[in-house]
Amino acid sequence: MISENKKNYPAFSVAISVYGGDNADYFDLALKSIMNQTIPPDEIVLIIDGPVSDTIEKVIKKHEKGTIPFTIIKFKKNKGLGMALKVAVEHAHHNIIARMDSDDIAYKNRFALQLQAMCNYSADIVGGQISEFDNSEKKIIGYRIVPLKHKDICEEMKKRCPLNHMTVMFKKNAVLQAGNYRSLIFNEDYFLWIRMMESGCIFMNLKNVLVNVRCGKDMYKRRGGQQYFKSECTIQKFMLNRKIISPIQYIINISKRFIVQIILPNHVRGLIIRKFARIHPLDIS
């Protein structure tokens, strides 16, 4: 049931990208979770990042027939998430934009909670917590918890990404002022948050779990290897050069990432992430 209070909140867009490697069923569930919100969006900006399967095309056509308008932009070749989101932000018709990934599931009151926060506080970007699941969305295996207050978020920025990308809702003008998304594989979001911090944007995370995130062996595999480590080094060098972090913090950050992303095999990396970077469901009160 759609909230009768939708008229009390500003119009907003959702930015989502899909590419040929995505699972059509997961994408379908992601779109359903957007459309079934207590406060649904006024527009879905969909970037089709290169050729996609016929099954994904069918999912798009099915949802296009719904009540929420789609703005669809199709790339002839895959350009990556950074470029896809850059274009999505530029083409969004509303100043408030929510991010969504093509294989995750938004909790039903996600947008309502974020709109309330954006209206009640002077935040330029509002994120939240995530739950993670492997096979069944009902079987939560962990939570990634991020700090709530602006000061704590900025401090956490020096050590790791302090927002869960798939949960954020932000102001388009603030993102454009910071230079918008840029192509930096695996770290498009972190790079943008750092630049938004430099431009004086106000950050906020809700204590609420907003998105149920699909994870597993593939996720941990993506978080390792030379390419991922190189991307992380780019971020750390940027912060060092801009004097956001000290040389000592730079060495600490690089050392930790080298061990986790280069030295550790995938299955051990997964254990480390779940042990030290996640909260077990039983630990949630």
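Helices (H or I, at least four residues) and strands (E, at least two) are DSSP runs, numbered from the N terminus. The structure is a predicted model, in which local features need pLDDT of at least 70 and side-chain atom pairs count only at pLDDT 80 or more, while totals for chains, interfaces and linings use all residues. Residues are numbered from 1 along each chain as its sequence is written, and side-chain values use heavy atoms, with hydrogens and water left out.

Strands are said to pair if DSSP finds at least two bridges between them. S6 runs parallel to strand S9 (residues 203–214), to which 8 bridges join it; in this pairing, Ile-125 stands opposite Phe-203. With strand S8 (residues 169–171), S6 pairs in the antiparallel sense over 2 bridges, and there Val-126 has Met-169 as its bridge partner.

S7 is also antiparallel to S6, and 4 bridges join the two strands. Phe-133 has Ile-140 in S7 as its bridge partner, and S6 and S7 form a hairpin with 6 residues between them.

Strand S7 covers residues 140–144 and includes Arg-144. Arg-144 is buried yet has no salt bridge, a term that requires a side-chain nitrogen of Lys or Arg within 4 Å of a carboxyl oxygen of Asp or Glu. The nearest side chain of opposite charge is that of Glu-156, 6.3 Å away; Lys and Arg count as positive and Asp and Glu as negative, whereas His and the chain ends are not counted. What does the side chain of Arg-144 reach at 2.7 Å? It reaches the backbone oxygen of Cys-161. The side chain of Arg-144 also makes a polar contact with the side chain of Asn-164 at 2.6 Å. A polar contact is a pair of N or O atoms within 3.5 Å; within protein, one must be able to donate a hydrogen and the other to accept it, and residues adjacent in sequence count only if both atoms are side-chain atoms.

Helix H4 (residues 110–120) is mostly covered, with 8 of its 11 residues buried. Among them are Arg-110, Phe-111, Leu-113 and Met-118.

Helix H10 (residues 247–263) contains Ile-259, which is partly exposed, with a relative accessible area of 43%.

Technical notes. Buried means under 20% relative accessible area, exposed over 50%, partly exposed in between (1.4 Å probe, protein chains only).
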